[in-house]
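User: Hi! I am new to reading protein structures. Could you walk me through one, feature by feature?

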Amino acid sequence: MTRFHPFAHPFARAALLAFAAFCGFLLVGAISPGTWLLDTLTGLFAAGLLVMSLHLLIGYTGLISFGHAAYYASGGYIFGMVLQTPAFVAACGPWSVPLATLLAFCGTGLFALVVGSICARLSEIYFAFLTLAFQMLFVSIIQGLVHYTGGDQGLMGGIPRPAFLGLDLVQVRDRYAFSAFLFVAGVLAVRLITLSSFGASLRMVRDNERRAAFLGVNTYLVKVLAFTAAGSIASLGGVVLAVFTSAAYPEWASWSVSGEAIFMIMLGGLHSFWGPLVGVVAMRIINDLTLLYTTHTEMAKGLAILFVVLVLKRGILDWLADWRKARHAAPSVKEQDHAAP
Amino acid sequence: MLRLEHLVKRFGGLTATDDVSLNFPAGSLSAIIGPNGAGKTTLFNQITGHLVPTSGRIRLENEDITGLKPAAIVRKGIGRAFQIASIFPSMTVREALAAAVTAHRRATFSLGSAFPRRDIADRTDELLGLLGMEDVAERISGQISHGDQKLLDVGLALALEPKVLLLDEPAAGMGPEERWQMMATVQRLWKSANMTLIFIEHDIELVFRTAEVIHVLRYGAVLASGTPDEIRGHPDVIEAYLGRETVEETA
């Protein structure tokens, strides 16, 4: 039925789009006159990785994790602590940064695997609270191990970042390019997962876990693996943040960061792949516009969520999608609220 | 194909399944009828592993499957559709069937190919044709008619290529016209897929016209078994379940 064409394949299309996006970001990096835009985008990359990985859980698997910031922070801490070990940098030389990134990714994946194996035994609110409990435990550990993590002060003293592949992460533009690469790679990973057969399994679990189990799907394992993948990808956001600030702070793992990530997903739209990224940008705009007039940003965010919940009744991108559908289709279009809880 | 031997299920003081021994030969089309609370769905739940019998044995092709977990029993080849259609509401009909085929072909954890994989997409087309659901293939499962949702539920079970298919009231909640269509489809699927089919149904008319063999349950026990003609004339059944009027109507 389907004719073979290299770019007709969904994976090839996603990879091509990712490549184009990366080139676009590099172009912005090359022509941007000041550093403001680049720093802003770097911040958005970090937040984008956090929400897109969380979207894999909330939007695609129907798992409401309240503790996602733990994996985000874990990425930053592992990256920073590894690079602050002189022996590591001495041994790996120019490969220090890529290897530290890889360690952050895998180490956080392992952490998420352990937490996920425990949390996935529970469902709904119990699952949500257990993820929150593990996040709080993680924060306590960071604060407790002062000798290694700097405790409340965070990972101070700067993170050494030896140049590699001609990239010196102390330079704004190089730092930006590296962050853009991690962002695009992370989002591409989420995209490929959602397009794959495993992605269909995630949606089965979200829609009707019992039925999925009855079709022979090991739903527990599906949930654990989704949790692990989401945690690993979130860690890349922490790496971006650690590169950006040359530090790591326990606040990154605070519960308000997790909450804000959920907020951004709700704001942008739960039912479309790009919704959460729209949420990240919208949140940033709300934040910065408010700061022009007052420091009460929380109030503006509160009003925004009220507007989204009470007026649009769905995220921005979902609302746009429904609006477009309503214009094209018959006058009575049923609401498409079955997707995720 | 499937044999139940002295099956007993007790919930506290209540005996929901009372020494049931039934045989379902390969390729047969059987119906289970009985008044509300006769233990029909409880019987299905034991066969599919959702409930563990208090005593007795369940054998599939002479293999003892008593007490296995539902997922394991599915793998052995017993598929099931539910009384209340159990589907994937946000997926299109095509996606839902493809997802079921994906599970059957053990590609649940595959990251190597886009969903649906080519061989899975082909099998999905086949299933859509078999079910006669091509027209609604691209619609969201949660938004199709009740009858189509029930049919999709049957389709999900069918995607597993079961040896034995259990349908719990396939025509429940449908209009008269739809019910007959549904049963005709069920009969067609049974013939084309060459499987053993067992269904629970309340509509006596439907049962008499469709089933080869009918088992009547009452208070968890088998009251009578036989062909539709035998059951129609069975004095205990007339007395206990059908009532004189119903028999006269259907006769």
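User: Which way do the residues of strand β6 of chain B point?

Analyst: This is a predicted model, so keep that in mind throughout. In β6 (residues 78–81) of chain B, B:Ile78 and B:Arg80 point one way, while B:Gly79 and B:Ala81 point the other way. All four of these residues are buried.

User: What strand does β6(B) pair with, and in which sense, parallel or antiparallel?

Analyst: Here is the general idea: strands of a sheet pair through backbone hydrogen bonds, either parallel or antiparallel. In this case β6(B) pairs with β7 (residues 164–168) of chain B in the parallel sense, over 4 bridges. To find the pairing on screen, look for B:Ala81, which stands opposite B:Leu167 in β7(B).

User: What is the order of strands in the open sheet of 4 strands in chain B?

Analyst: The order is β2-β1-β4-β5, and the pairing there is antiparallel. β2 (14–24) and β5 (63–64) of chain B are at the edges with a single partner strand each, so one side of each has no neighbour in the sheet. Strand β1 (residues 2–11) of chain B is joined to β2(B) by 7 bridges, running antiparallel. One bridge to look for links B:Lys9 with its partner B:Thr17 in β2(B).

User: Which helix packs on that sheet?

Analyst: That is helix α1 (residues 40–47) of chain B, which touches β1, β2 and β4 (55–60) of chain B. The direction of α1(B) makes about 65° with that of β2(B).

User: How do I read two helices packed together, such as α12 and α14 of chain A?

Analyst: Two packed helices are described by the angle between their axes and the distance between the axes. For α12 (residues 275–293) and α14 (residues 316–328) of chain A, the axes come within 8 Å and cross at roughly 120°. That angle makes α12(A) oblique to α14(A). At the contact, A:Gly275, A:Val278 and A:Ala282 in α12(A) meet A:Ile316, A:Leu317 and A:Asp318 in α14(A). By class, this contact has 4 nonpolar, 1 polar and 1 charged residues.

User: Where is A:Lys313, and is it buried or exposed?

Analyst: A:Lys313 lies in the loop between α13 (297–312) and α14 of chain A. A:Lys313 has 12 C-beta neighbours inside 10 Å, so it counts as exposed. Look at its backbone too: phi is near 65°, a positive value in a residue other than glycine.

User: What is phi of B:Glu161?

Analyst: Phi of B:Glu161 is near 45°, again positive in a residue other than glycine. B:Glu161 sits in the loop between α5 (146–158) and β7 of chain B. With 14 C-beta neighbours inside 10 Å, B:Glu161 counts as partly exposed.

User: Is the peptide bond from B:Phe115 to B:Pro116 cis or trans?

Analyst: The bond is cis, with omega near -10°. You will find B:Pro116 in the loop between α3 (93–104) and α4 (118–131) of chain B.

User: Finally, how many residues of each chain take part in the contact between chains A and B?

Analyst: Chain A supplies 28 residues and chain B supplies 30 residues. On the side of chain A, α1 (10–31), α8 (172–195), α9 (197–214) and α10 (219–245) each supply at least two residues. α9(A) gives the most, with 13 residues. The residues on that side of chain A divide into 14 nonpolar, 9 polar and 5 charged.

Methods
Residues are numbered from 1 along each chain as its sequence is written. Chains are lettered from A and ligands numbered from 1 in the order in which they are written. This is a predicted model: local features need pLDDT of at least 70, side-chain atom pairs count only at pLDDT 80 or more; totals for chains, interfaces and linings use all residues. Two residues are in contact if their C-beta atoms, placed from the backbone, lie within 7 Å. Ala, Val, Leu, Ile, Met, Phe, Trp, Tyr, Cys and Pro count as nonpolar, Asp, Glu, Lys and Arg as charged, and the others, Gly among them, as polar. Axes are lines fitted to C-alpha atoms, for helices over the stretch in contact, and angles run from 0 to 180 degrees between N-to-C directions. Angles under 35 degrees count as roughly parallel, over 145 as roughly antiparallel, 65 to 115 as roughly perpendicular and the rest as oblique. Two strands pair if DSSP finds at least two bridges between them. A residue is buried if 20 or more other C-beta atoms lie within 10 Å of its own, exposed if 12 or fewer, and partly exposed in between; C-beta atoms are placed from the backbone.
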